[in-house]
Amino acid sequence: MADAAVRSPKPATSKRTPAGGAPTAAHTPEEASEPRIDVDAVTDLLLGTWGDTRREAREMIKDPAFWRIEGQPMADHRERVLTQLHLLVEHGGSRRALPEEFGGLNDNGANLAGFQELVLADPSLQIKSGVQWGLFGSAIFQLGTKEHHEKWMRGVADLSIPGAFAMTETGHGSDVAAIGTTATYDPETEEFVIHTPFRGAWKDYLGNAALHGKAATVFAQLITGGVNYGVHCFFVPLRDEAGDFLPGIGGEDDGVKGGLNGIDNGRLHFDHVRIPRTNLLNRYGDVAADGTYSSDIPSPGRRFFTMLGALVQGRVSLDGAATTGTALALHIALTYAGQRRQFDSGAGTAEVVLLDYGKHQRRLLPLLAQNYAQFFAHDELLKKFDGVFSGRADTPEEREDLETLAAALKPLSTWNALDTIQEAREACGGSGFLAENRMVGLHQDLDVYVTFEGDNNVLLQLVGKRLLADYAKQFKGADAARLARFAVGQTAGKLFHGAGLRQLGQSVADLGSTARSVELGLREDQQHDLLAGRVQQMVSDVAGALRPASKLSPAEAAAVFNSHQAELIEAARAHAELLQWEAFTDGIHRIEDDGTRRVLMWLRDLFGLHLIEKHLAWYLINGRLSAQRAASVSRYIDRLTARLRPHAQDLVDAYGFAPEHVRAPIASGAERARQDEAREYYAALAASGEAPVSEKSLKKK
């Protein structure tokens, strides 16, 4: 927010209806005689449960020392971000998640909330801090035991041990179970031998690996007594005090990337590197001096997923950071759109503000609604994370729910970030592609979020499998009569729904006008029925298609699954969209101020209808919407965007960004000043009587 003058576009006239089809939307809530949101209260809602921590972080990064310098050479950018990490330590930012015994605050939710805000300063800083404390440090803390904590956590916290998180390999990214690096136990020396036996097993894309890392948490296949016990994590020193690799360790610099060039990503390889037996982070699996392996989790699969689940916070962080980065792009684009004028109405009137054009409203306001939904959904995810990692709700069921929720939301928020930033910078014309206006850098830096911490499609496949498992539980132990009833329902084209599907009565409602049809049929509960019904039917359809696979050979079953993989991923995506809609709706129900609740309800409706419109073909093909009602969805979205137009500036002001967070000249008030200067110039010229006449006016005479 630059200043009070920028908060609401200045009304040109009262409600006007100029000739020539010019925009007619009111400019401000006052002009529209509509309720206005309580901006500060909405800011509190968006900042969420750990709002105080977010404000603290935002106050810290008002210091220009934390800001990204556009166009800075990679080497300088890397050193700047390392310096910024030390500044974070000085400000206590690395302490939030640590237990009290190490000088920490033991507040996991606050830890992630604070670090996510760093995306406003420089996404490279946000990610590098995540590597140091969210991945490297978390691996030691979550997978290690007290001995490891005592030995290394203070060094992790104060940055005297900068580290890399060495999980991903050149040949295996999301498929962690198949990594090639080995850790073979030698009982004679009581050491593990870390080795990368082929080029594809090199650890790759690792932050802190190219230059700054002194150690790494290395994931490798644990082999002892000739038995491979699967992937475990080991603390491996990398460099000496001079910054040179230790014997047997080598690597390469990943070099210039498409974004995040403030992070020294690189590759590591190990040639029979020996580490003490006690460097195995042994919370979930241990090796005795004689080489005997033991674990409290007998199932290798369960053990593997438990270890990976302990590191879910990376996905939680990316969901939050992508949401905040997207909000920044929307703040810039919508503020600019409320000030920039282009083309007169065709009636000789003043040029029109961009945001008064229906197309401009259509391209940006549904994305604003989507981003609001992401904020509400992320706070639910962060609360779930904090409950598990604090120990208050640390059960296998809660961990599974947390992993599924993170795997559902992270893909949507990171994909949406790229789509929204691209649309936002296009909506700003040439100004959107100037580095000074932030959106070029944001798009570059957030680009790789879609594959960080698990490729988005792989994550959604995990969600889809969970949905199938939950679906199957509904029929476990069911008698023949119940299964028969279900089969009959399916052949009748009906949808199985645990609570029963309420019919919308479309044949009656659709006899009225389009507006009445939508009003009657697509309010809150109907939106929920449509969104939830789509998930249920998609899961049901995939489950039915996969049912014969249970009687096939493993290879044949895999082929059947593969043929329906895209459908399963799409069902998971629909499920994630439903979660966002539900979180937004729950948030609205907590609002006490009538005006705020009404405007945010319009915004939620815009989000819900935007989702329905996006999948309109599905709803028609599956008979979920009549043709007339389907046709009315897009028209009602147009009505909603026009209704929300006067509130657009308030809604982006509610993000709570200060000028030091925005740092985009086109959103600073400079555009308004240019427009005012131009209008004053032409007004003075006309008043002087010296203005040249147009050629067109001469021809008319």
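The structure is a predicted model, in which local features need pLDDT of at least 70, side-chain atom pairs count only at pLDDT 80 or more, and totals for chains, interfaces and linings use all residues. Residues are numbered from 1 along each chain as its sequence is written, and side-chain values use heavy atoms, with hydrogens and water left out.

The protein contains 27 helices and eleven strands; these are DSSP runs numbered from the N terminus, with helices being H or I of at least four residues and strands being E of at least two. Of its 701 residues, 54% are buried, where buried means under 20% relative accessible area, exposed means over 50%, and partly exposed lies in between (1.4 Å probe, protein chains only). Among contacts (heavy atoms within 4.5 Å) with a separation of 6 or more, 74% join residues 24 or more positions apart.

Two helix pairs can be set side by side. Helix α10 (residues 313–337) and helix α13 (residues 439–447) have axes that come within 11 Å and cross at roughly 160 degrees. That angle makes α10 roughly antiparallel to α13. Here axes are lines fitted to C-alpha atoms, for helices over the stretch in contact, and angles run from 0 to 180 degrees between N-to-C directions. Angles under 35 degrees count as roughly parallel, over 145 as roughly antiparallel, 65 to 115 as roughly perpendicular and the rest as oblique. The α10 and α13 crossing is left-handed, a term for a near helix turned anticlockwise from the far one by less than a right angle (clockwise would be right-handed). On the α10 side, A322, G325, L328, A329 and I332 take part, and they meet M439, L442 and L446 of α13. By class, this contact of α10 with α13 holds seven nonpolar residues, one polar residue and no charged ones. In this scheme Ala, Val, Leu, Ile, Met, Phe, Trp, Tyr, Cys and Pro are nonpolar, Asp, Glu, Lys and Arg are charged, and the others, Gly among them, are polar.

An α-helix has 3.6 residues a turn, so residues three or four places apart point the same way.

How are α14 and α20 oriented to each other? Helix α14 (residues 456–473) packs against helix α20 (residues 565–589) at an angle of about 85 degrees, with the axes 8 Å apart. The two helices, α14 and α20, are therefore roughly perpendicular to each other. From α14 the contact draws on N457, L460, Q461, V463, G464, K465, L467 and L468, and from α20 on Q565, L568, I569, A571, A572, R573 and H575. The residues of this α14 and α20 contact divide into eight nonpolar, five polar and two charged.

The largest nonpolar core has 164 residues, of which L368, Y372, I612 and Y655 touch the most other members. Such a core is a set of buried Ala, Val, Leu, Ile, Met, Phe, Trp, Tyr and Cys residues joined through side-chain atoms within 4.5 Å. Helix α11 (residues 358–390) supplies the largest share of this core, 15 residues. Leaving aside residues up to four places away in sequence, L368 touches L330, L334, L603, L651, V652 and Y655. Another core, of 23 residues, lies apart from the largest one and includes F234, L268, V273 and V287.

Helix α6 (residues 108–116) is mostly covered, with nine of its nine residues buried. The cover over the buried residues of α6 includes α4 (51–60), α5 (74–90), α7 (123–143), α10 and α11.

Some single residues complete the picture. T217 sits in strand β5 (residues 215–224) and is buried, with a relative accessible area of 0%. Not counting residues up to four places away in sequence, T217 touches F136, A139, I140, A164, F165, A166, C233, F234 and L281. The C-alpha atoms of T217 and M167 are 7.9 Å apart, although the two residues are 50 residues apart along the chain.

Most residues other than glycine have a negative phi, and most peptide bonds are trans. E190, in the loop between β2 (182–186) and β3 (191–195), has a positive phi near 55 degrees and is partly exposed at 37% relative accessible area. N208, in the loop between β4 (203–206) and β5, has a positive phi of about 75 degrees and counts as buried at 1% relative accessibility.
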